[in-house]
Amino acid sequence: MDLKNAFSTNRDTWDKKVAVHEASEFYDVENFKKGKSSLTPFETHALGDVKGKKILHLQCHFGQDTMSFQRMGAKCTGVDISTEAVKLARNINKELQLDTTFLCCNVLDTSSLTSETFDIVFTSYGTIVWLPDLKPWAKMIQERLKPGGVFYIVDFHPIAWMYDYNVSPPKLKYGYQQKEAIYEEYEGTYADEKSKIESKEYSWNHGLGEVVTSLCEAGLSITYLKEHKTSPYDIFPGLIKNKEGLFELNEGLYPLIFELKASNPSKDK
């Protein structure tokens, strides 16, 4: 397929989403500017004390998580494909008088914009679905990690992406290991379902085996892979809020998110 067109279509959609997301309760920009962290307990627990660490945040949208880590004492660089998202991120960064760096490019092209290496490379919640092939993604991650550096991803579980959520109730439609792109057109966005924004999106499903193998083939060593029945975000239909404030399926039939941590034993490996 024409990947250039697919990436361009996705970029245009995310450019349109930025203003809607900035105004949404989901992103709560007003309280973020007052000091509220956008990070969830999963990533803060996994990465611990980041003070003094250099962090590369992949597919950062308009950078709230990136700047949240910056506030914790890290030196952060965020990358996103959306021109409007990076523009907003830079504006908020300037307003808050932070020293976060933001780069605008396809995440697969990150190494063409920076030769820095980082202690931590981080990505989260709805990122790898926008990539047709994880091998160049994993290679770029290894390139940008210092020896001994850590890669961490927390993302929605690939089983959750097997459903078509544009119908009610959601229908099991897409393959767990489907190689073909999934194209969808729909009105609204997860941050504001009442918005009239028209989303046109190409995405790709990646099973956990593909995620693990791509990182291993790039030279990273897997520390752990965890699956959780809960999600910090109420973005799938029919979720219920538990006593910990997380969201889960009433039947709990499959996990909603996964976490993976890996290390870079050597940049020459």
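Which residues line the largest cavity?

Analyst: This is a predicted model, in which local features need pLDDT of at least 70 and side-chain atom pairs count only at pLDDT 80 or more, while totals for chains, interfaces and linings use all residues. Residues are numbered from 1 along each chain as its sequence is written, and side-chain values use heavy atoms, without hydrogens and water.

The structure holds one cavity of 30 Å³ or more (points on a 1 Å grid over the protein atoms alone where a 1.4 Å probe fits but cannot get out). The largest cavity has a volume of about 40 Å³, counted as the space filled by probe spheres on grid points joined across faces, edges and corners. Its lining (residues with an atom within 4 Å of a point) consists of Ile 128, Val 129, Asp 155, Phe 156, Pro 158, Trp 161, Trp 204, Asn 205, His 206 and Phe 258. By class, seven of these lining residues are nonpolar, two are polar and one is charged (nonpolar being Ala, Val, Leu, Ile, Met, Phe, Trp, Tyr, Cys and Pro, charged Asp, Glu, Lys and Arg, and polar the others, Gly among them).

As for open space, the second largest pocket (an open set with protein on both sides within 12 Å along at least five of seven lines) has a volume of about 220 Å³. Of the 14 residues that line this pocket, Tyr 163, Pro 237, Leu 249, Glu 251 and Tyr 254 are the closest to its centre, and the lining as a whole comprises ten nonpolar, three polar and one charged residue.

Turning to helix packing, helix H7 (residues 134-144) and helix H8 (residues 208-217) pack at an angle of about 45 degrees, their axes 8 Å apart. From H7, Leu 134, Lys 135, Trp 137, Ala 138 and Ile 141 meet Glu 210, Val 211, Ser 214, Leu 215 and Glu 217 of H8 (heavy atoms within 4.5 Å), a contact with six nonpolar, one polar and three charged residues.

A further pair, helix H1 (residues 3-23) and helix H5 (residues 83-95), packs at about 40 degrees with axes 7 Å apart, and H1 and H5 are therefore oblique to each other as well. Here Asp 15, Val 18 and Glu 22 in H1 meet Thr 83, Glu 84, Ala 85 and Leu 88 in H5, giving three nonpolar, one polar and three charged residues in the contact.

Two backbone details complete the picture. Ser 168 and Pro 169 are joined by a cis peptide bond, with omega about 0 degrees, and Pro 169 lies in the loop between strand E6 (163-164) and strand E7 (171-172). His 61, although not a glycine, has a positive phi of about 55 degrees, and His 61 sits in the loop between strand E1 (54-58) and helix H4 (64-71).

Terms used: Axes fitted to C-alpha atoms, helices over the stretch in contact; angles between N-to-C directions. Helix = DSSP H or I, 4+ residues; strand = E, 2+ residues; numbered from the N terminus. Parallel < 35°, antiparallel > 145°, perpendicular 65-115°, else oblique.
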